[in-house]
Amino acid sequence: MLYKRSSELFQEAKKYIPGGVNSPVRAFKAVGGDPIFVKEAKGAYLFDEDGNRLIDFIASWGPLILGHAYDPVINAVIDKAKKGTSFGMPTEIETELAKLAISMVPNIDKIRFVNSGTEACMSAIRLARGYTSKDKIIKFAGCYHGHSDSFLIQAGSGAVTFGSPNSPGVTRGTAKDTLLANYNDLAGVQKLVKANKGEIAAIIIEPVAGNMGCIAPTEAFIRGLRDLCTAEGILLLFDEVMTGFRLAKGGAQEALNIKADIVMFGKVIGGGLPVGAFAAKSEIMDSLAPNGPVYQAGTLSGNPLAMSAGLAMLTELNNRPEIFKSLEDKAAYLHNGISKILTKQGVSHQINRFGSMMSVHFTEEPVCDFASAAKGNNDTFKKYFHGMLQKGIYLPPSAFESYFLNDAISYDDLDETIAAVATIF
């Protein structure tokens, strides 16, 4: 396949946009080459500016569970746009979407809409700190919660040391309140909690990680976190920007049978439009302004376009629960097909999968945390990525990202994808 037009557009974009992109992962830095510029998409397919058709395995990083340009979602947005795009005032549809989301997700009474997953996580941390009157949080290496200052932190040298920023612009004052733990390492978390007794407001986690590849928690780890938080008066925060309404109607809480204290959602709750949300029991949510002292606001929060798209999306998922099993079956089919090829060719690999999320790691060791994910052979991954791209398969352009299947992908598409793997290797 040729990507001449995409390359030309990228060179032009770099003159006016930092790095030529508005989100770094799009720049192909991890795999080399120039990014693909999309012209349009429908169902399971992307169509780029060079006229190539690509089978899409990122689904806009998760939210397009029903596929691109899904007619009920698109029609809902068009109908609403004709009546105005934003008012800065309350609308009935905000309450309609809130009621539906609350009915689908366990353990939440109230929800507040924001404009992105980053904003949802940032606001949830502020709420947790305000509610508990504590300052420190624990996050996990390899879990990404957006680019808010509190989350761009690397490890200190031990359990009682402060974190330090790993992005210029993040102050050490901010970093000192963020403690870093390793995913699937309950003992390490317990050590941090003991060393910071009575000072930790929240533990924030991707309940099924999607930013170091797809990594599921062990049952002992995730249940241990819940028990630890309950015993120590710490709020457990689930970042379900990727997993919410994807792993099950009720998201990871339902899939893992674990209750979080605050849950954050991302683009899926707006049908793929820029939107986010955070939710909890009334006791916690009523700490937010205007009811309580914890301030959070946004002119475009709950805007009618995003709410209409989200209502159409969640209504479909609520009425068709069989979608989740269908997606899981397709992911298992793809997993088995790719693994069979790689095993036959003697290629060292690990494939992680949970529901309709999946990742391929070129390593001999099981991948259970960020350190083990980082041991993958990146040269092999680059060849794999570009080889698949030449065969018309669009995969995440980073070894540290999850695949996200969508309902529009057919078994013929999966067979085409598996055949492409066979050709490459």
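Helices (H or I, at least four residues) and strands (E, at least two) are DSSP runs, numbered from the N terminus. Strand β1, residues 38-42, holds K39. The model is predicted, so local features need pLDDT of at least 70 and side-chain atom pairs count only at pLDDT 80 or more, while totals for chains, interfaces and linings use all residues. Residues are numbered from 1 along each chain as its sequence is written, and side-chain values use heavy atoms, with hydrogens and water left out.

- K39 counts as exposed, at 57% relative accessibility. Buried means under 20% relative accessible area, exposed means over 50%, and partly exposed lies in between (1.4 Å probe, protein chains only).
- K39 touches F47, D48 and E49, not counting residues up to four places away in sequence. Contact means heavy atoms within 4.5 Å.
- From K39 to C143 is 104 residues in sequence. In space, their C-alpha atoms are 31 Å apart.

- Two packed helices are described by the angle between their axes and the distance between the axes.
- Axes are lines fitted to C-alpha atoms, for helices over the stretch in contact, and angles run from 0 to 180 degrees between N-to-C directions.
- Helix α2 covers residues 71-81 and helix α10 covers residues 304-319. They pack at an angle of about 150°, with axes 8 Å apart.
- The pair α2 and α10 is therefore roughly antiparallel. Angles under 35 degrees count as roughly parallel, over 145 as roughly antiparallel, 65 to 115 as roughly perpendicular and the rest as oblique.
- The α2 and α10 crossing is right-handed. A crossing is right-handed if the near helix is turned clockwise from the far one by less than a right angle, and left-handed if anticlockwise.
- On the α2 side, the contact uses P72, V73, A76, V77, K80 and A81. On the α10 side, it uses P304, L305, S308, A309, A312 and M313.
- The residues of this α2 and α10 contact are 10 nonpolar, one polar and one charged. Ala, Val, Leu, Ile, Met, Phe, Trp, Tyr, Cys and Pro count as nonpolar, Asp, Glu, Lys and Arg as charged, and the others, Gly among them, as polar.

**Helices α6 and α7**

- Helix α6 (residues 186-195) packs on helix α7 (residues 219-232) at about 15°, with axes 10 Å apart.
- Helices α6 and α7 are therefore roughly parallel. Their crossing is right-handed.
- L186, V189, Q190 and V193 of α6 meet A220, F221, G224, L225, L228 and E232 of α7.
- That contact of α6 with α7 has seven nonpolar, two polar and one charged residue.

**Salt bridges**

- A salt bridge is a side-chain nitrogen of Lys or Arg within 4 Å of a carboxyl oxygen of Asp or Glu. The count comes to 16.
- K176 pairs with D177, with the closest N and O atoms 3.4 Å apart. K176 is partly exposed at 35%, whereas D177 is buried at 14%.
- D407 and R320 form a salt bridge at 3.4 Å, N to O. D407 lies in the loop between β16 (403-404) and α14 (411-424) and R320 in the loop between α10 and α11 (322-344), so the pair ties together parts 87 residues apart in sequence.
- R320 is partly exposed, at 26% relative accessibility.
- D329 bridges to K325, with the closest N and O atoms 2.8 Å apart. Both D329 and K325 sit in helix α11, four residues apart, about one turn of the helix.
- Salt bridges that share partners join E316, R320, E322 and D407 into one network.
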